[in-house]
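Hi everyone, thanks for coming.

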Amino acid sequence: MSRRSVIAGTGSALPRRRVTNAELAETVDTSDEWIVERTGIRARFIAGEGETTASLATDAARRALEAAGVAPSEIGLIVLATSTPDQTFPASATIVQAALGIDDCVAFDVQAVCSGFLYALTVADSMIRSGAADHALVIGAETFSRILDWEDRTTCVLFGDGAGAVVLRAETGERGILAARLHADGRHNQLLYVDGGPSTTQTVGKLRMKGQEVFRHAVTNLAQVLREVMGAANLDVSEIDWVVPHQANRRILDATARKLGLAPERVIVTVDQHANTSAASVPLALDVGVRDGRVKRGDLLVLEAMGGGFTWGAAAVRY
Ligand code: UT7
């Protein structure tokens with residue numbers, strides 16, 4: 001039997017400070033009512049002093065290692081998805097590696113914005129199946145609060161900070177990542193972007209988004225890639241136990257589920273408490289579902305995400 005990447009453990013981490021919609025409305029021209037009605041978001045966590053993408057990633061990774069019963073020294077590969085690295089370089093994955101006390105492994109970042117975790121997971125899965133590593137840490141971690149324009153109410157209310165991680169282990173058997181599919185369409189790279197960068201403005205830049213257009217593409221692309229990945233795994237949508245989606249907007253989750261004929265109770269929702277944490281949102285939601293007992297061993301999961309680029313993807317996983 002061929003090698004598969006099994007999710008051996010999950011972990012997550014959030015900044016200390018929780019910010020409600022009401023608190024935001026004190027400094028931004030918005031209201032709890034508008035944010036809840038249009039997005040389903042009630043609160044988000046915002047990184048404070050000493051909290052960075054790499055520090056949150058390290059905390060999430062430690063929890064995933066503990067849950068998996070895997071020692072840091074067994075990790076042969078770290079793939080960290082982020083669009084908000086601690087520095088332009090070195091890769092934040094190497095900062096996590098050092099913090100975990102791992103002397104030698106492969107470590108690099110992947111940048112596909114909100115789809116970053118799906119991209120990272122797919123790359124790590126390929127490397128595990130090829131024999132390049134037996135244990136991998138796949139992390140999504142972000143501090144989007146640091147690239148938000150806090151005077152732009154159309155974007156600043158939507159995002160939050162956090163990290164999620166999984167430990168993958170090579171196994172032969174029924175469990176593991178059954179299929180993954182990734183896409184990108186760079187023609188839309190100006191609908192969700194950051195208006196700065198090392199090679200253009202020499203600044204970090206701020207997030208800009210044409211929300212309605214992103215919304216429209218998201219529902220179509222997510223429904224399509226979810227069907228595609230289920231087809232690749234030779235499974236029917238009706239067999240899905242849990243959809244673990246990217247948490248951008250409650251209305252996107254509901255519209256996608258409706259389009260696929262999926263019961264809303266089968267969707268893990270954390271956007272109300274975490275807002276959109278970009279690459280962190282899928283592993284964060286997975287960890288919440290695992291730790292509260294909803295996601296059980298043997299369940300069929302579909303992880304999916306869509307973000308800037310556009311990039312989007314999905315993975316079918318027998319947990
Ligand atoms: O993670 C990557 C993927 N990202 C996404 O999937 C985001 C996708 N887009 C969305 O989630 C939604 O399009 C938004 C939540 C961004 C916006 O919701 P919408 O229902 O499309 O609202 P809208 O942009 O059409 O704005 C409606 C009104 C506007 O006022 P007028 O022009 O009708 O007078 C906005 O100015 O709401 C106003 N508005 C706000 N009002 C209070 C926009 N932001 C706010 C705000 N508070 N924060």
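Let's start at Arg153: one of its backbone N or O atoms lies 2.9 Å from a nitrogen atom of the ligand. That's a polar contact, meaning a pair of N or O atoms within 3.5 Å. Arg38 makes one with its side chain, where an N or O atom is 2.9 Å from an oxygen atom of the ligand. And in Arg251 a polar side-chain atom lies 3.3 Å from an oxygen atom of the ligand. On its own, the ligand has 960 Å² of accessible area, and the protein covers 74% of that (Shrake-Rupley method, 1.4 Å probe).

Quick note: this is a predicted model, where local features need pLDDT of at least 70 and side-chain atom pairs count only at pLDDT 80 or more, while totals for chains, interfaces and linings use all residues. Residues are numbered from 1 along each chain as its sequence is written, and side-chain values use heavy atoms, leaving out hydrogens and water.

Now, how many residues surround the ligand? There are 23, and the closest are Thr30, Arg153, Gln212, Asn249 and Asn276; to be near, a residue needs a heavy atom within 4 Å. By type, the shell has 11 nonpolar, 8 polar and 4 charged residues, with Asp, Glu, Lys and Arg counted as charged, Ala, Val, Leu, Ile, Met, Phe, Trp, Tyr, Cys and Pro as nonpolar, and the others, including Gly, as polar.

And where do they come from? Domain 1 (4-171) and domain 2 (176-318) each give at least three, with bounds from an automatic or database assignment.

Key
Polar contact = N/O pair within 3.5 Å; in protein donor to acceptor, adjacent residues only side chain to side chain.
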